[in-house]
Amino acid sequence: MRKKRLGFVLSAALALTACSSEGASNEKRGNAEEKEITFLSNFPSETLDPHLNYTAVRAGINETLVKINEDLELEPWLAEKWETKDNGQTWTFTIRENVTFQNGDKLDAEAVKRSLQRNIGVSEAMKTALKIKEIKADKQKLTIVTQEPLPHLPSELVHPNTAILDVDEKDTGKKPVGTGPFEPVGFSAGSKLELKRYDGYWDGKAKLDHAVFTFNEDANARTLALQSGDADIVYRPAIESIESLKADNSIKTDVVPSLRTHLLMYNNVNPVFKDKHVRKAFDYLIDRKETADSIMAGQADTADGPFLSDFPFTPEYEKKEYSLEKAKEHFDHAGYEMKDGNLVKEGKPLSLKILTYAYRPELPLIAQMLQSEAKQLGIQIEIQQVENIDEYIAKKDDWDLATYSLITSPRGDASYFLNSAYMEGGAINPGKIDNSELTDRISRLNATLEEEKRNELAEEAVSIIDQERLHSFIVHPNNFAAYNEKVKNWKLSKSEYYILTKDVDVIQP
Amino acid sequence: MKMIANRLLELVLFLLVLSFISFAFMKLAPGDPVRYMLNIDDVAVSEERIEELREELGFNEPIIVQYGLWLVRFFQFDLGISYMTQQPVTQELAEKLPATLILTFCSVVIMTLISVPVGSLSALYKNKMIDQVSRLFALIGASVPSFWLGLLLIQWFSVKLGWLPSMGSDSILHLILPSVTLGVAMAAVYVRLLRSSLLESLNQDFVISAKARGLSSFRIFWFHALRHSMVPVITIFGVSLGSLLGGTVIIEVLFSYPGIGKLVVDAIVRRDYPVIQGYILFMGLFVAVINILVDLSYRYLDPEIRLKEGGST
């Protein structure tokens, strides 16, 4: 009797499982004619509100007035063209005709104005970046007056948080209405976004019918999702899986250098680092190739300066090399000598503290490598790992060096990095860099409108940073993605702002 | 009735103390939400602007003043607005909590399905083969990190066999791997706990007396010994429920499961104080309520407690 009961329970369980599996495959069969793709990224998304998160732009829901292309140049998007007067304080953008929101409403300057007004209302960051004083709308003409001349305003409008949103629609956190080729149909915060094609897209219908965006912060889980077929395109699979993914014929990989740079900061509050020779000596102690090959497992390019060479304002950097001999020569110039195994100046051994943080696991390893190289020259370096590097370096002066990482030119313009990292009071100038020649170039850049002249000034500024070794730039980590061979017309973007585009396609089995 | 009223009063006091301690710790811990709000790694910002915004948001006020303001809003059932999403914290938590509770419930079911039979058999066949195997299972289960077990399960059931989805939360199938991962890790502890508790119960006078009265072994085991053995197991379960709910974070991240754990991890990274504070209170409330229920369950599980309490009231 008992056996019979057990048998019944097991059969019922099996039947239930079978039903569920059958249901899933039926659903797949039902959608067989439709083209769908699943992206899996590590970018967490708790909201779809484009003014607070990048996902809506990445997923092709919302679009910005200006975009940055793969040559890292600005190009028109929802704005057809723009012009300025008053040395960059009054800007007029011509909004593209024949663009509709996904609810069918026409996009005009008034809609853009209301979107930008909401944007600076909900985002302190955008309010600070855009410095908007007044916006006027007249049919397709949008006029923005800024609080001060802002020659790089078009570049700031590349920022995904400035994406244009229909502000009359209420549920912007879950179902924002934009002008992009896809509209959201379901969103589970932090986990999944489902999209369908918007047939009225102004730039031609998208090739895919549906797309799914999923998020997972675990690199191994992302790799397994690609291998199991749960995802078609996976961002940043586990580094250790790269070789096996490359060996798999059904999977393709795409690698591009990112706009991010890992660097070493010198704290100029410590008089030691006011001496250019000391900074140069430390620069020679950095083994960039080893960092890229070993610490970054080959997933990085060595960096001779802050910006990738593709930018028009990138100068010919001085060639960087790892050389203990040359480092020693510069320490000699700076007045240091070797005594009892220690590098000393005026009887005082050189002993320093380097800050690092675990959020980017390669940075503590870079700090360890520098510690080990410095030891060979008799320099004692103490490593301190802090939880929140930005706050620590801003509030305390008891550090000498810091490993750091940031995207130096997120929107195709040098002014963000130059102003933040080298101007007095800049939020990422905790090392109190104060170089009058550099300040002059950046001030002039801030007041210059003409693009060619701006590039010249930025190039001069970067050359000064390079020659003075105000920071030591180490590597540009790569963006890496792997995808199923059935995916077509998809390319990893350097900026990572545009993931799902109208051109992405899939070959049906 | 009086006991329940006392417990509720204790609960309110507990929440007040918890909210003050968590608020104070959060404010004293390193981390500055203003820097995240201003996206300093993406937007050119001056230190002056950072200070200005800090002042505007009242972050420069003494902690006690900030806590007072928070408490006033709390009594109006307002936990504030999330910095990350600009949505009310209560809404954020209410959306995520059910998913975590479902995952926790399923894990507890898996844990029970493993630990009750295995723990019982280990006690009944003490030091026999099955007991040795269960000991090995407990040792492995307790030693294997749950994220690694999760990865192994994905490798087998999603990649190699293709039976189950590796991530997400669309259907009941999506719950299986995360629940098994959590359930197995928990079961390892409870198998041993139940075994030792059962061994103790089986030697108690009431079991000997039941045997003498001629009750069947099946009845003695299921209705007397096992029930009595559940008291320490449920006590430990009640106490560890908080860490169990907290422990789902890793599994939620691994399986891309949209629970409250992932939300709070993001909130901690971005120093989204209203969300962190709301989470601590929600969890505190939940664990306290469960512990009250655990206390009440003793009356059902152990007649001795019921009789004692009945006599005193």
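Reply: Happy to. Let's start with a pair of strands: β4(A) and strand β5 (residues 90-95) of chain A run antiparallel and are joined by six bridges. Strands here are DSSP runs of E with at least two residues, helices are runs of H or I with at least four, and both are numbered from the N terminus; two strands pair if DSSP finds at least two bridges between them. Within this pair, K81(A) sits opposite T94(A) of β5(A).

Before going on, a word on the source. This is a predicted model, in which local features need pLDDT of at least 70 and side-chain atom pairs count only at pLDDT 80 or more, while totals for chains, interfaces and linings use all residues. Residues are numbered from 1 along each chain as its sequence is written, and chains are lettered from A and ligands numbered from 1 in the order in which they are written.

Back to the sheet. It is open, with four strands in the order β4-β5-β7-β6 (chain A) and antiparallel pairing. The edges are held by β4 (79-85) and β6 (132-138) of chain A; each has a single partner strand, so one side of each has no neighbour in the sheet. From one strand to the next, the twist averages 20°. Helix α3 (residues 109-122) of chain A packs on the sheet and touches β5, β6 and β7 (141-146) of chain A. The direction of α3 makes about 160° with that of β6(A) (axes are lines fitted to C-alpha atoms, for helices over the stretch in contact, and angles run from 0 to 180 degrees between N-to-C directions).

In chain A, 17 residues of domain 1 are in contact with 22 residues of domain 2, contact meaning C-beta atoms, placed from the backbone, within 7 Å.

Finally, the contact between the chains takes 45 residues from chain A and 45 residues from chain B. On chain A's side, α6(A) gives the most, with six residues.

Technical notes: Two residues are in contact if their C-beta atoms, placed from the backbone, lie within 7 Å.
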